[in-house]
Amino acid sequence: MEWNRYKLLVATLLLASTGWAQVNRYVVFFKDKNGTPFSVDAPTEFLSIRAIERRVEQGISVLPEDLPVNENYVEGVEALGAKTFFKTKWMNGVLVQCDASLIAEIQDLPYVERVEFVAPNERLTGGRRRTEMKTKELKTASSTQAQLQMIGLDEMHASGNKGEDIIIAIFDGGFQGVNTGAPFQHIFNENRIDLEVSKDFVTNSGDVFQFDEHGTEVFSVIAAYQDGFFTGGSYEANYQLYVTEDVVGEYRIEEYNWLFAAERADSAGVEVVNSSLGYYDFDQSSMDYPKTAMDGNTTVVTKAAQMLADRGVIVVCSAGNEGGISWQIITAPADARDVLAVGNVNSAGVRAGSSSTGPASDGRIKPDVAALGVNTSVIKPNGALGTASGTSLAAPLITSLAAGVWQRYPELSN
């Protein structure tokens with residue numbers, strides 16, 4: 001019996017023995033894309049014009065990796081009784097939710113390369129009920145002056161660059177209250193969030209304005225604006241919002257959610273991605289990564305981030321908040337070669353003790369840059385002003401800077 005298949009069957013048996021439901025989530029990988037009706041010579045069939053223009057402007061070719069998966073392969077998996085969800089072009093597979101008893105049959109399909117267990121239990125069924133938030137308006141002097149001034153965002157704004165016409169995507173755990181908070185209403189009034197593209201990959205619910213306040217706070221650092229009260233770093237940009245982080249549990253599926261979001265954002269023409277997320281340990285210890293895996297080539301999410309950067313997108317990631325614990329170093333995907341990994345400093349420019357250190361395990365310098373991540377001003381889901389700390393808040397400041405620089409110098413490559 002093939003070793004990978006053996007390990008997969010053992011894993012499903014162990015899950016059953018612990019009392020978890022037999023319906024789990026897996027990624028099915030295919031051996032090839034034979035028979036696909038798509039061609040790299042006709043990219044408009046599967047990429048937006050803006051995504052193609054980004055590649056052309058930077059001399060990047062459309063690759064076979066960009067071709068959609070073979071739908072006949074997906075239908076073959078479905079025919080066995082598995083429910084299929086999101087597909088990955090770059091890694092040639094599909095996310096399924098099914099009973100563990102189907103896995104051996106799926107593995108035996110002639111076009112299936114392997115099956116990977118990524119999370120227990122059913123989750124892709126529409127999600128939890130959203131908590132309604134009440135907007136609270138506060139009248140204060142602008143609270144964002146320090147974080148803008150530290151990296152020159154105030155001067156960027158004064159020069160007329162606030163992210164206009166740049167598409168920024170945010171990958172996070174939810175954006176609760178963004179659709180109701182007053183500091184975000186300018187975005188909706190000007191129709192600058194692409195609600196057709198934005199996606200909840202955690203529960204497949206279609207509603208990104210739920211789950212968690214972390215994404216709200218991260219997004220606010222970039223996009224919120226209320227005159228005399230709060231100024232985001234690139235508050236005139238266009239946005240795509242993606243829920244990839246499951247706040248209920250920590251499993252490898254979140255890395256694949258990140259991959260699905262990256263492919264969708266790329267196809268929809270994004271220019272800059274902010275990811276204030278990091279991975280190395282999970283609720284199931286067999287999924288954990290060793291420190292040596294922070295080498296830019298090993299973890300699923302790091303490979304996905306590099307693939308996104310290879311397609312001309314600026315990818316900005318938080319370095320991690322492990323500096324004060326035994327792990328200490330950066331988390332994935334901050335280790336990716338062409339990702340901007342962002343550290344956290346205080347108002348004096350001194351590294352916060354919690355900010356993950358480097359280098360990457362192969363010796364490359366990481367983090368790459370830093371910004372204010374101690375008591376960074378944010379907007380809460382109810383629209384009120386607050387503060388938060390961590391590399392998660394430093395990253396969106398650098399994302400804002402990258403968007404403004406690219407707006408000012410569109411001839412540059414990512």
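Predicted model: local features only at pLDDT ≥ 70, side-chain atom pairs only at ≥ 80, totals over all residues.
## Nonpolar cores

The largest nonpolar core holds 70 residues, and of these I106, F171 and W258 touch the most other members. Helix 9 supplies the largest share of this core, with eight residues. In soluble globular proteins, nonpolar side chains tend to be buried together.

When residues up to four places away in sequence are set aside, W258 touches F171, T244, S275, L277, V301, A304, A305, L308, V315 and P333. F171, which is in contact with W258, is itself buried, because its relative accessibility is 0% and the cut-off for a buried residue is under 20%.

## Aromatic pairs

The structure holds 21 aromatic pairs. In one of them, the ring centres of F86 and F260 are 5.7 Å apart and the ring planes stand at 50°, so the pair is described as tilted.

Another pair joins F171 and Y242, whose ring centres lie 5.5 Å apart with planes at 85°, so the arrangement is edge-to-face. Here too distant parts of the chain are linked, with F171 in strand 5 (residues 167–172) and Y242 in strand 9 (residues 238–243), 71 residues apart. Y242 counts as buried, at 0% relative accessibility. Ring pairs also link F85, F86, F171, F201, Y242, W258 and F260 into a cluster, and this cluster therefore takes in the residues of both pairs described above.

## Charges over rings

Two arginines are placed over aromatic rings. R114 lies over the face of F29, at 3.9 Å from the ring centre, while the charged end of R408 sits over the ring of Y409, 4.7 Å from its centre.

The buried residues are V300, V301, T302, A304, A305, Q306, M307, L308 and A309, and they pack against helix 9, strand 10 (272–275) and strand 11 (314–318). Among these buried residues of helix 10, V301, A304, A305 and L308 are also touched by W258. After helix 10 comes G312, which has a positive phi, near 90°.

In helix 2, the residues A51, I52, R54 and R55 are buried. Seen down the axis of helix 2, the buried residues fall within an arc of 155°, so they line one face of the helix. An α-helix has 3.6 residues a turn, so residues three or four places apart point the same way. On the other side of helix 2, I49, V56 and E57 are exposed, whereas the cover over its buried residues includes helix 9. Helix 2 is followed by G59, whose phi is likewise positive, near 70°.

## Two buried loop residues

D66 is found in the loop between helix 2 (49–57) and helix 3 (71–79), and at 1% relative accessibility D66 counts as buried. The side chain of D66 makes a polar contact of 3.2 Å with the side chain of W90, and a polar contact of 2.7 Å joins it to the side chain of R311. Leaving aside neighbours within four places in sequence, the residues in contact with D66 are K33, F46, R55, S61, K89, W90 and R311; one of them, R55, is among the buried residues of helix 2.

I166 has its place in the loop between helix 6 (153–158) and strand 5, and I166 is buried, with a relative accessible area of 7%. Although I166 and Q407 are 241 residues apart along the chain, their C-alpha atoms are separated by 6.7 Å. Not counting residues up to four places away in sequence, I166 touches R50, A237, N238, E271, V272, A403, W406 and Q407.

Conventions:
Residues numbered from 1 in each chain as written. Heavy atoms only, no water. Phe/Tyr/Trp six-rings, centres within 6.5 Å; stacked < 30°, edge-to-face > 60°. Helix = DSSP H or I, 4+ residues; strand = E, 2+ residues; numbered from the N terminus. Buried < 20%, exposed > 50% of the residue type's maximum accessible area, 1.4 Å probe, protein only. Lys NZ or Arg CZ within 6 Å of the ring centre and 35° of its normal. Contact = heavy atoms within 4.5 Å. Polar contact = N/O pair within 3.5 Å; in protein donor to acceptor, adjacent residues only side chain to side chain. Arc of directions from axis to C-beta. Core = buried A, V, L, I, M, F, W, Y, C linked by side-chain atoms within 4.5 Å.
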